[in-house]
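Q: Please show me how the features of a structure are read, one after another.
A: Let us look at the structure together and take its features in turn.

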Amino acid sequence: MIPEIGLAALWLAAALSVLQLVAGALSVKEAPAGGASPFAFYARPAAVVQALLATVAFAALLYAFAVTDLSVKLVATNSHSAKPLLYKLTGTWGNHEGSMLLWVAVLALSGGLLAGLERRLPERTMQAALAVQGFVALGFYAFLIASSNPFERLPIPAAEGIGLNPLLQDIGLALHPPTLYVGYVGLSVAFSLAMGALITRQVTPEFARVMRPWVLGAWVFLTLGITAGSYWAYYELGWGGWWFWDPVENSSLMPWLAATALMHSVSVLAARDALRTWTIMLGVLAFSMSMLGTFLVRSGVLTSVHAFAVDPERGTFILVLLLIYIGGALGIFAMRASAVAEGKTFAFTSREGALVFNNVMLTAILAIVLLGTLYPLLTEAFDVRVSVGPPYFNPASAMFAIPMFLVMAVGPLLRWKQDTAGRINRELAALVAILVVAAVLIALLAEISVLALLGLALAAVLAIAALLPLRGRKLARVPTATWGMVCAHFGVAVALFGMASESAFTEEKLAAVSAGETTQVGDWNVTLSSVDAVAGPNWTAMEARLSVARGEGAPTVLNPQSRNFWSPVQATSESALLTQWDGQLYATIGQSVGVDDDGNERWQLRIWWKPFVTFIWYGGLLVGFGGLLAMVGRIRDDLRRRKGVQRREEEQADIEELNAGPRTLPEPAE
Amino acid sequence: MRALLFALFALMAAPLAAQDKAPPAPYANVQLEDAALEAQATDLMETLRCLTCQSQSIADSDAPIAGDMRHQVRVRLKAGQSPDEVRDWLVDRYGDYVTYTPQVSSTTWPLFAVPALVIVLVLLVLWRRLRGRKVQEGGGQ
Amino acid sequence: MNRLVYLIPLGVFAFIAGLGGYMLTQTKDEAIPSQMVEKPLPQFDLPPATDGIKGVSRTDLIGGEPKLLNLWASWCPPCIAEAPHLDTLKEAGVPIYGIAMRDTSEDVAAFLANHGNPYVAIGHDEISAIQFELGSSGLPETFVIDGDGVIRYQHIGDIREEHVPMLLELLEQAK
């Protein structure tokens, strides 16, 4: 019964999205000058109720997974009654249909929030935005219902479920995909608003101020989602990498790059009424990248072994949706953009100039990532197989990232509109000095690659530069949004330091040892105490007991495992981590590799000492927190301003009332 | 990075399809004694693609064939070959698929031409937008 | 001029969508073709894979009529599936040389006892060295070698019934 309620809710939500689309579109088309169209009433409630219905649908699926309802095909193929409850629940979005339902539910929720909360835009623009949001939602409801119905029943309930991929049975899965989805799909609001503004020709600073918190919100979730996903891959995959430039990872990086550029561009539009077309373009681009990523991952065109949706029918469906939405949006953009005036001008050395420079750099990096991701696909069309990996992506993106970081250090110090380098020459000199001294010192002390060296030196410069906007200001009076910027920029420096340090100073040790033997990595002594068989709820494992000590320090015990799951059958390596302030010790255990001379069994160990690797994720968290601060600051300023306007209006009304003299009170209704 | 989720299936599925019992090649999981040479080997292994797994370098993969490839890399470097020679030896047999570092060739030139084009475009855009513009309040409205 | 600039994103997207659409119509081919086809066999000399059988070296494969070189292993399930079709080829008079990958003498003997022995000789490659030399990336794989010792064709995956006539045709052409 519950699954049917879910399916019914999905159908109703789809119907409401049609209402939202039609009502919104008609009210844009037929709006009388200055007044509201009679259709305008419907779009908002349609969006809000739709959000509720989509939530009901998702809750229904969640319930089916919680009770392991094996008459539902999706549950039977992806869950198992012996799984811990947490992983039953997270399994809801550990498969194609469930994750698409989550995607759509978040889409509907964003639309509902937009409709329910946003009252600042001209009503006509708002109606256009809601119509676009309804249109996008409609396509994805159709996709779910037609080709990915999560509530499909089995004619005969299965006796037992097939189970969930063991790698997904992890707390990482509970947090990371939903966070990322909120980010991806939150960008749909930016998309709808941008299209609404373009259609109604209302690309104004007011529009930018409305759009900004939505962009910031989606961007914060994207940032945190990527950070969490990176850490999850790092400890769960078991070979110590934190970013692989895998096509599927790139699909999450591309929307982030576009959203980062959009967030900065929308600030320029809000503050200075410049970069109008550019902002619209990025608004379209950011969500387009989200959808393109969905297509690449789910159609099976990129990496075919992927279990999800290697189904040409689904691929075709998503491709058609892309053609309609992205193609349509870019088409409207091409027709309308030249009608949108570019806005106010500014000099090269100005805050806007720096932001434009970095926006262009971010877009260039996006182009490189897109090229590197799609290129193997392109050559495959000619029957040639090519691999593009980190050795390509790292230098190619650094080419644009390095100038970007340099400008990022200086940009916040510049004034809006027009400035001179001379005004900030002391700061500039200090930053250049730090860069040179840091680079020379590091080059003398350690023999590392050029990119790592530049990364470390730039991290030092950025860390100092991030704090400079606070110089000479009363800290208590610095606006929250400025704190947000400082925090996020400082986070970039922290993350960059972690990345460069990890790539430059990681030490790796492969060793085959028997119980009692010790091996060294960095200044750590690692002793294998024993290897024992252990069992979990749905797996067995060989667990090593490693006693690790730094120099002469007290030993700590680490327990890496080599696990074998039985439903489905799969082996995984569970790494063990020891976190220190200055890095992490990362240990995994492999196979048994025969016996030593005394007949003791030897085990393959792989151990890394990764200095300051944790800073990568601390940095990511700081960046996300900075975004959150900026969002809170902007919303609070806005509420305060609105309250101010309201108070003034009330005062005005009071004055008028006084002037008008005593009025008769309304009759009590009795 | 929903991403990874999907990658994970691929990464782990392939090597398990068939598993042999033979021990790994001598230098599959044994580092070279010469630390400098081992560093070279690691750098090279991180840029060679495992043949039976999706999107994994041979340094990262647990697949037996990746172990045998690591053995080849270490043994060949130890015998005095340069990393580029070892890479070329593999590219001669498997084509550009086997290397994550694309070499400029008739099939990969767009990977280098397009970024050059992007640089030109970037300079063009920046020049158009930012060339010594006179600042005038309300200009362009 | 300006209008055209705004068309660029649409153009890029159209290209990507076209590529995606084309790839959707293609069946995904995961095989990595060897670049050694049409090149001479590499040098190798392998010990026998089990007792009572000969090993394989490059010189065994050169000269005379065209031959098949089959890479397989006792632990590889598709290799069991192709065993009857190798027998068919043997009965057609094709000399088949095998190389067992990462195997053990006992397992090879057991495999031959269970699934028949179509091979003239079987070498043992403990560390996939010959596999790399041949540009082969999976098991089973079968190469057509002509009389001059040049690799003429690479068959990736197990040989099925429908492949037998094709292989015979290729062997005929290689004469």
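A: The centres of domain 1 of chain A and domain 4 of chain A, taken over C-alpha atoms, are 45 Å apart. The model is predicted, so local features need pLDDT of at least 70 and side-chain atom pairs count only at pLDDT 80 or more, while totals for chains, interfaces and linings use all residues. Residues are numbered from 1 along each chain as its sequence is written, chains are lettered from A and ligands numbered from 1 in the order in which they are written, and side-chain values use heavy atoms, with hydrogens and water left out.

Q: Which residues make up domain 1 and domain 4 of chain A?
A: Domain bounds come from an automatic or database domain assignment. Here domain 1 covers 1-165 and domain 4 covers 507-612.

Q: How many residues of domain 1 of chain A are in contact with domain 4 of chain A?
A: Contact means heavy atoms within 4.5 Å. In this model 7 residues of domain 1 of chain A are in contact with 5 residues of domain 4 of chain A. Across this interface of domain 1 and domain 4 of chain A, 0 salt bridges are found (a side-chain nitrogen of Lys or Arg within 4 Å of a carboxyl oxygen of Asp or Glu).

Q: How is a pair of aromatic rings described?
A: The distance of the centres and the angle of the planes describe such a pair. Rings of Phe, Tyr and Trp (its six-membered ring) pair if their centres lie within 6.5 Å; planes under 30 degrees apart are stacked, over 60 edge-to-face and the rest tilted. The whole structure holds 29 aromatic pairs over all chains. One of them, A:Tyr392 with A:Phe393, is edge-to-face, at 5.8 Å centre to centre and 75° between the planes. A:Trp524 and A:Trp609 form a tilted pair, with 5.4 Å between centres and 45° between planes.

Q: Which parts of chain A does the pair of A:Trp524 and A:Trp609 tie together?
A: Strands (E, at least two residues) are DSSP runs, numbered from the N terminus. A:Trp524 lies in strand β3 (residues 524-535) and A:Trp609 in strand β10 (residues 601-611), so the pair ties together parts that are 85 residues apart in sequence.

Q: Is C:Ile53 buried or exposed?
A: Buried means under 20% relative accessible area, exposed over 50%, and partly exposed in between (1.4 Å probe, protein chains only). C:Ile53 is buried because its relative accessible area is 16%. Residues that C:Ile53 touches include C:Pro48 and C:Leu112.

Definitions and conventions: Helices (H or I, at least four residues) and strands (E, at least two) are DSSP runs, numbered from the N terminus. Lists of a residue's contacts leave out its neighbours within four places in sequence.
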